[in-house]
Amino acid sequence: MNQDMSTPAGKSCLAKLMIGLIVLTCLVPLAGLGLWGIGGMLIVADPLEKADVVAVLSGNEKDRLAETLRILREGYAPLVLLTETEDLAGGGSSMSTIDKVVTARNLGIASEAILVTKRTATSTRDEGLAVLEVAQQRQFDSVIVVTDPYHCLRTRMLFRSIFRGSGIDVSVRPVRDHWYRSYNWWLSAEGRRATLSEMTKLFFFMLGLRGD
């Protein structure tokens, strides 16, 4: 039976409907701002300053190496440091070390500018330790770390924790022109997956657990 909106009951029903619509209209933008804020929190970019080397973290190497080449051409560093991840070549998302070196050369990075860490890394924490080892051996004063935008906050926290007390400055730079955007990451399965993974690992890191 249709409700007569001219009756008290009908007016009450209409008022509840209007309130519900107003609340929904307010919540949708707020939810969008909250999601945007999460993406914005993950994406950090330290100011570009001259450094001794650019460390390229494993995973999505072609984009990260292209960003590294851009940094080199802009005159911010003379060397590139790749992380050794041979054990991931058959079953992980990272290229083998040889493939990374070849890709770097093909993009235009000179062979003499390419360094490779000695220790094999299977996590961001391992990469931090491996980069620190090379930086100390070569007496570097500063390192620029290049990674994907959603990976930047955790990378900065891990690297600065690992480099604390070393006297070596660490800055983190995201790949520019990357598909991950703070304002729309939730619209793609890849964006949701990357964000959930990072937030989970950050949660464990903040609890004092590894959060690799």
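Predicted model: local features only at pLDDT ≥ 70, side-chain atom pairs only at ≥ 80, totals over all residues.

## Contacts and the model

A contact here means that heavy atoms lie within 4.5 Å.

Five strands, in the order E3-E2-E1-E4-E5, make up an open sheet in which the pairing is parallel. At its edges are strand E3, covering residues 114-120, and E5, each of which pairs on one side only. From one strand to the next the twist averages 30°.

Strand E2, residues 79-84, runs parallel to E3 and is joined to E3 by 4 bridges; leucine 81 stands opposite leucine 115 in E3. Helix H4, residues 124-137, lies across E1 (53-56), E2, E3 and E4 (142-147), and runs at about 120° to E3.

## Serine 171 in strand E5

Serine 171 belongs to strand E5, which spans residues 169-174. Because its relative accessible area is 14%, serine 171 counts as buried, the cut-off being under 20%. Leaving aside residues up to four places away in sequence, serine 171 touches Asp46, Val143, Ile144 and Val145.

Aspartate 52 is located in the loop between helix H1 (8-42) and E1, and, with a relative accessibility of 24%, is classed as partly exposed. Residues up to four places away in sequence again being left out, aspartate 52 touches Ala77, Pro78, Leu79, Phe140, Asp141 and Ser142.

Two of these contacts can be described at the level of atoms: the side chain of aspartate 52 reaches the backbone nitrogen of aspartate 141 at 2.5 Å, and that of serine 142 at 3.1 Å. Aspartate 52 and alanine 135, although 83 residues apart in sequence, are separated by 8.8 Å in space when taken from C-alpha to C-alpha.

## Glutamate 61 in helix H2

Which side chain of opposite charge is nearest to glutamate 61? Glutamate 61 lies in helix H2, residues 61-73, and is buried yet has no salt bridge; the nearest such side chain is that of lysine 100, 4.1 Å away. A polar atom of the glutamate 61 side chain does, however, lie 2.9 Å from the backbone nitrogen of glycine 59.

How values were computed:
Residues numbered from 1 in each chain as written. Heavy atoms only, no water. Helix = DSSP H or I, 4+ residues; strand = E, 2+ residues; numbered from the N terminus. Buried < 20%, exposed > 50% of the residue type's maximum accessible area, 1.4 Å probe, protein only. Lys, Arg positive; Asp, Glu negative; His and termini not counted. Salt bridge = Lys/Arg side-chain N within 4 Å of Asp/Glu carboxyl O. Polar contact = N/O pair within 3.5 Å; in protein donor to acceptor, adjacent residues only side chain to side chain. Pairing = 2+ DSSP bridges. Axes fitted to C-alpha atoms, helices over the stretch in contact; angles between N-to-C directions.
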